[in-house]
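Open the model in your viewer and keep the selection panel at hand. This tour goes from one selection to the next.

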Amino acid sequence: TKNIDDTSDINFYKYFQNGEFVSSRSGGGGGGGEELLTSTNVAYTVKNPATQEIIGHVPELTTDEFNCAVSLAEDAFQEWKLVPVSQRQRIMLEYQNKIRDNTEELAYLISLENGKTLADAKGDIFRGLEMVESATFLAPQLQGDSLQGIGTDMDCISYREPIGVCAGICAFNFPAMIPLWMIPLCVTAGNTMVLKPSEKTPGTSMLLASLLKDSGLPDGVLQIVHGGKGMVDKICTHPDIQAISFVGGNTAGEYVFNEGHRNGKRVQANLGAKNHAVILEDSNREQVVKAIAGAAFGAAGQRCMALSTLIFVGSTKEWIHDLVEDAKKLKVGAGLDITSDLGPVITPESKIRVENIITEAIEQGATLSLDGRGLVVDDCPNGNFIGPTILSQVKTDNVCHTEEIFGPVLVCLEADTLDDAMDIINNNPFGNGCALFTGSGSAARKFTHGINVGQIGINVPIPVPLPMFSFTGSRRSMKGDLNFYGKSGVQFYTKMKTVTSLWPSKDISFGTVNFPSDS
Ligand code: NAD
């Protein structure tokens, strides 16, 4: 692909600076050296999760390289903010065409680096594409307010202005959607952006950058930097970065939120999750079972909105047998094999972590209804595969319920009533998403109004809002006052300015030192 230097046997990821793909001189893995990367001093290695084959090596950029990226983004901002908004929108119009035309290549790259199936990778791209589409007509949302005659011969106008250089820090699990939650809205609003993809899946961001350049984005408006925690620290402390959009786990995200704020930046941080679905007896058994199998095990459970926890109310606990049968039918294999339903988890360490949680959960009293541990896929014996796993009769204090698992594991609890089920959800610290399956409007209404979770699905297993709304995770799943995308996202990437004008129609006197007491 364009972003990997294939002149040697080993591929080294470049970074994207001022419209060019550049090799880092971070010899020593970010130690500030001056040498080009070699296979012995790389910071991170990207491996195909289905095979462990090395795809490429990722540098940790030097401080100079990072500072240069921010300074170029700051220079670009001075010109970009003056470009008419319709012209900025037109670049997005071209960009959405380019993304559509390159969907196959993007999907291949996502599947290669992340492991998800090609079909799911296309969903990842499509969800991002919708963000680009919404940015093609952003101008109405960028409008401020005005009111004439707020005093004698006095009018007031408010403008929404861009804020400057913004940073994006991304998780590995949606290599296209997450950068596209950030870039289109940020730059169409007139800002410039320094984006750090996950060091586990950096290739998609590089291809997205190349397509955006080809769509007409001026050099410097988007910079892509590479690295891990060291790069995150540089982002959090750089004085010229005004705002940080973060997507990832709680450890990193809460750190970024605190560090970013300590350094005077706006921060929006979408974090970890534990999403519950409640099943009532009046719901459609067949449809519910199908919806849950897909929502729990798709993308090997590595979705922040995966339905990882199920609460059976009353006699629905017997439906577990159908669920187990459905889950057994799912084919686990390499994402690039089009017959696979779910791929591997991201790293061997993730596989060990998930399998250890399953084992510990059983020791703590959970019933193992389906065991996916130790799975070996014939064509890919070295892959990080875990089969769909179902733990049932789980108590709320079991480790599999208190921790985010982020693997193909469905945790099942039981409750006597809807109220009991709602208590379980409201007592869980996370607030990303939840769902209710029911045929009753009044149960749905009770759930909607009584649940303290930011995104609710009624007979919808993964209720991710479209771009005209905002992604409204809450409690431990979101830190910050302004959510990602939608109206809230526009507010995040803009600041208000008000202009109060007096054009007197007759001579007036400014002769008083007192604050006005009438208009
Ligand atoms: P992660 O927190 O490990 O990494 C996210 C980013 O933070 C990466 O760019 C990484 O380089 C950086 N990072 C990692 N460790 C760090 C540290 N100690 N200090 C500072 N920065 C650090 O997350 P991940 O494994 O890439 O992604 C999975 C997590 O992301 C899950 O918890 C999932 O729920 C969450 N997620 C949330 C949403 C959402 O919208 N709520 C969406 C996608 C993923």
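Select helix H6 (177-188), helix H8 (229-237), strand S12 (241-247) and helix H9 (250-262). Each of these four elements supplies at least two residues of the shell around the ligand. Keep in mind that this is a predicted model.

Now show the whole shell. There are 27 residues around the ligand. Colour them by type: 16 are nonpolar, 7 polar and 4 charged.

Which residues come nearest to the ligand? Pick Cys170, Glu199, Gly249, Leu271 and Glu404.

Start at glutamate 199. One of its polar side-chain atoms lies 2.7 Å from an oxygen atom of the ligand. Move to glycine 249. Here the backbone takes part: an N or O atom of the glycine 249 backbone is 2.8 Å from a ligand oxygen atom. Then select asparagine 270. An N or O atom in its side chain lies 3.2 Å from an oxygen atom of the ligand.

How much of the ligand does the protein bury? Taken alone, the ligand exposes 850 Å², and the protein buries 86% of that. The place to look is the largest pocket, where the ligand sits.

Switch to a cartoon view to see 16 helices and 24 strands. The C-alpha trace spans about 85 × 65 × 40 Å along its principal axes. For 519 residues, a compact globule would have a radius of gyration near 24 Å; the chain has 25 Å, which agrees.

Definitions and conventions
Residues numbered from 1 in each chain as written. Predicted model: local features only at pLDDT ≥ 70, side-chain atom pairs only at ≥ 80, totals over all residues. Heavy atoms only, no water. Near = heavy atom within 4 Å. Polar contact = N/O pair within 3.5 Å; in protein donor to acceptor, adjacent residues only side chain to side chain. Areas by Shrake-Rupley, 256 points an atom, 1.4 Å probe, with all protein chains shown as cover. 1 Å grid on protein atoms, 1.4 Å probe; cavity = no way out; pocket = protein on both sides within 12 Å on 5 of 7 lines; lining within 4 Å. Sits in = over half its atoms within 2 Å of the grid points. Nonpolar A, V, L, I, M, F, W, Y, C, P; charged D, E, K, R; others polar. Rg over C-alpha atoms; globule rule 2.2 N^0.38 Å.
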